[in-house]
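Trainee: Could you walk me through reading a model like this one? I'd like the general idea each time, and then the case at hand.

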Amino acid sequence: MTGKCPEYLNDLNDYLDGTLDQATCAEIQRHLGECENCRIMIDTLRQTVTLCRGGKPEPLPPALEARLNGLLKTRWEQKFGKRPG
């Protein structure tokens with residue numbers, strides 16, 4: 001992990017979706033060429049997205065869904081900090 005990794009975390013989903021501007025996309029691609037940890041992360045995200053898109057969605061009970069989302073948000077914020085805005 002380099003000092004620049006946290007700067008790219010918030011943009012990785014948009015990078016995978018192809019919705020980032022070209023300059024930011026090129027900057028992330030350069031970073032991925034230099035950072036093995038981020039390459040592993042982006043490859044894992046790609047595989048996760050592929051698996052999720054190929055699977056049949058199953059609705060969760062609303063209370064379980066809210067609890068799961070809350071736990072994931074808390075863990076994310078503990079690890080990466082709160083998203084700006």
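What follows is a short chat about helices, salt bridges, the core and the cysteines.

Mentor: Ground rules before we start: this is a predicted model, so local features need pLDDT of at least 70 and side-chain atom pairs count only at pLDDT 80 or more, while totals for chains, interfaces and linings use all residues. Residues are numbered from 1 along each chain as its sequence is written, and side-chain values use heavy atoms, with hydrogens and water left out.

Trainee: What span should helix α5 have, and how far apart are its end C-alpha atoms?

Mentor: Helices are DSSP runs of H or I, at least four residues, numbered from the N terminus. The expected span is 1.5 Å times one less than the number of residues. For α5, residues 62–80, the 19 residues should span 27 Å, and the end C-alpha atoms sit 26 Å apart, which agrees. Just after α5, Gly81 has a positive phi of about 90 degrees.

Trainee: How many salt bridges are there?

Mentor: Look for a side-chain nitrogen of Lys or Arg within 4 Å of a carboxyl oxygen of Asp or Glu. That rule gives two salt bridges. One joins Asp17 and Arg53, at 3.8 Å from N to O. This pair links distant parts of the chain, with Asp17 in helix α2 (residues 12–17) and Arg53 in helix α4 (residues 36–54), 36 residues apart. Asp43 also pairs with Arg46, with the closest N and O atoms 3.5 Å apart. Those two are three residues apart in α4, so about one helical turn separates them.

Trainee: Is Arg53 buried or exposed?

Mentor: Buried means under 20% relative accessible area, exposed over 50%, and partly exposed in between (1.4 Å probe, protein chains only). Arg53 is exposed because its value is 66%, whereas Asp17 is partly exposed at 47%.

Trainee: Which residues make up the largest nonpolar core?

Mentor: In soluble globular proteins, nonpolar side chains tend to be buried together. A nonpolar core is a set of buried Ala, Val, Leu, Ile, Met, Phe, Trp, Tyr and Cys residues joined through side-chain atoms within 4.5 Å. The largest one here has twelve residues, including Leu9, Leu20, Ile28 and Cys38. Helices α1 (5–9), α2, α3 (22–34) and α4 each supply at least two of its residues.

Trainee: How many disulfides are there?

Mentor: You'd need two cysteine sulfur atoms within 2.5 Å. The count is zero. The sulfur of Cys5 is 3.5 Å from its closest cysteine sulfur, in Cys38, which is too far for a bond. Cys5 is buried at 1%, and Cys38 is buried at 8%.
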